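I open this notebook to record what I looked up in one structure. The entries run from the whole chain to single residues.

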Amino acid sequence: MTPTANAKGALFMAIAMAGFTCNDALVKSVTGAMNTGQILFVRGLMTTVLVVAIARWMGALGSWRVVLQPAVALRMAAEIIASLAYVSALGAMPLANTASILQALPLAVTLGAALFLNEKVGWRRWLAIIAGFAGVLIVIRPGPEGFSLAAVYVIASVVGAAARDLCTRRIDRAVPSLFISVITAVSITVTGAVMIVPMGGWQPVSGEAFVRLAAASVLLLVGYQTIVIAMRTGEISFIAPFRYTSLIWAIAIGFLFFGEVPDFWMTVGVMIIVASGLYTFSRENRRQVAEAVAQESKPESP
């Protein structure tokens, strides 16, 4: 990769994080007016229309029978759990807190890959994973009564998102990534529709709330597409740390629009999570480079 490619990849990653975080803020702003199911349904319906139109235009629509593949079905279920839990957490926790805990996702993916995909994880990365989750506990700070419901929501969202990413690795590469996005958008929309009544019933949607969710759906789509471009443009070891730019957006938006001020212990927890993630990225990059060198040094087979 050239420095220019890495710079472009980093830029797209930063744009993706801005899109995701601004989407979160817009969703959080309407959590007091409608329940989680209704939010997922309204936003999901608009996202589905956009992504289906793009997929049709690019010829990426495939057979819906692909949902019968175990990896696709499991990914869909994990995405539903992550979405339900994260939107619920947004309504119950400060934006910066939810964004901070979500930064433990790379550590959770590394842990899941070691436990379920038999990927090698050295003792240094195990220590980084433990430290990162300790940082999560510092951000959450469970009291004598244990974890709050909001903390359970955000932890469930991390687990669901990690399971989603691990399942994605197992999906047949012949399935277009855009079609996977279509399946995801449709499944979340249907789930939202089903959950509206159990979560309190339909509430009138004001014009302002509709505009905010419409903007959120566009930003969500922008985030999905730019993060794919980022991962395909630059070196992962170079661009991955730029995912932490979402914290800057979350803290700034939380302060300016929701009056949220991070306290000392949250700042400490965030620093531990970020440091652990950066160290994990660094160790993974070294491992990949070492494997590549070892592979190149092997004598050619006769």
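**Entry 1. Ground rules**

I am working with a predicted model, in which local features need pLDDT of at least 70 and side-chain atom pairs count only at pLDDT 80 or more, while totals for chains, interfaces and linings use all residues. Residues are numbered from 1 along each chain as its sequence is written, and side-chain values use heavy atoms, with hydrogens and water left out.

**Entry 2. The whole chain**

I looked up the secondary structure and found 12 helices and zero strands in the chain. Helices (H or I, at least four residues) and strands (E, at least two) are DSSP runs, numbered from the N terminus. I then asked how compact the chain is for its 302 residues. Its radius of gyration is 20 Å, close to the 19 Å of the globule rule, so the chain is as compact as a globular protein of that length. The radius is taken over C-alpha atoms, and the rule is 2.2 Å times the number of residues to the power 0.38.

The C-alpha trace spans about 70 × 50 × 35 Å along its principal axes. I noted an accessible surface of about 15,500 Å², 69% of which belongs to carbon and sulfur atoms; such areas come from the Shrake-Rupley method with a 1.4 Å probe, and for residues only the protein chains shown count as cover. Of the 302 residues, 45% count as buried. Buried means under 20% relative accessible area, exposed over 50%, and partly exposed in between (1.4 Å probe, protein chains only).

I also checked contacts, meaning heavy atoms within 4.5 Å. Among those between residues at least 6 apart in sequence, 89% join residues at least 24 apart.

**Entry 3. Annotations from the record**

I consulted the unreviewed UniProt entry, which assigns "domain: EamA" to residues 8–140. UniProt positions are given in the numbering used here, feature names are shortened, and annotations may be inferred rather than shown by experiment. In the model, residues 8–140 are 77% helix and 0% strand, with the end C-alpha atoms 35 Å apart.

The entry's "transmembrane region" annotation covers several stretches, including 95–116 and 264–281. I found residues 95–116 to be 91% helix and 0% strand, with 31 Å between the end C-alpha atoms. Residues 264–281 are 100% helix and 0% strand, and their end C-alpha atoms are 26 Å apart.

A nonpolar core is a set of buried Ala, Val, Leu, Ile, Met, Phe, Trp, Tyr and Cys residues joined through side-chain atoms within 4.5 Å. Which members of the largest core touch the most other members? I found Ile39, Ile101 and Leu213, in a core of 50 residues. Leaving aside neighbours within four places in sequence, Ile101 is in contact with Met93, Val136, Val139, Ile140, Val154 and Val158. A second, separate core has 15 residues, among them Ala60, Ile171, Val175 and Val182.

Helix H4 (residues 95–102) has seven of its eight residues buried, so it is largely enclosed by the rest of the structure. Ile101 is one of these buried residues, as are Asn97, Thr98 and Ser100.

Gln38 is found in helix H2 and, at 0% relative accessibility, counts as buried. Not counting residues up to four places away in sequence, Gln38 touches Gly192, Ile196, Gly201, Trp202, Gln203 and Val205.

Thr48 also belongs to helix H2 (residues 36–57). Is Thr48 buried or exposed? It is buried, with a relative accessible area of 13%. Beyond its neighbours within four places in sequence, Thr48 is in contact with Ala185, Val186 and Thr189. A polar atom of the Thr48 side chain lies 3.3 Å from the backbone oxygen of Ala185.

**Entry 4. Other positions**

Leu221 lies in helix H9 (residues 207–233) and is buried at 11% relative accessible area. Leaving out residues up to four places away in sequence, Leu221 touches Leu50, Val51 and Ile54.

Gly32 sits in the loop between helix H1 (3–29) and H2, and is exposed with a relative accessible area of 80%. Gly32 and Gly91 are 59 residues apart in sequence, yet 7.3 Å apart in space, C-alpha to C-alpha.

Leu149, in helix H7 (residues 149–170), counts as exposed at 55% relative accessibility. I found 34 Å between the C-alpha atoms of Leu149 and Ile239, which are 90 residues apart along the chain.

Definitions and conventions
Polar contact = N/O pair within 3.5 Å; in protein donor to acceptor, adjacent residues only side chain to side chain.
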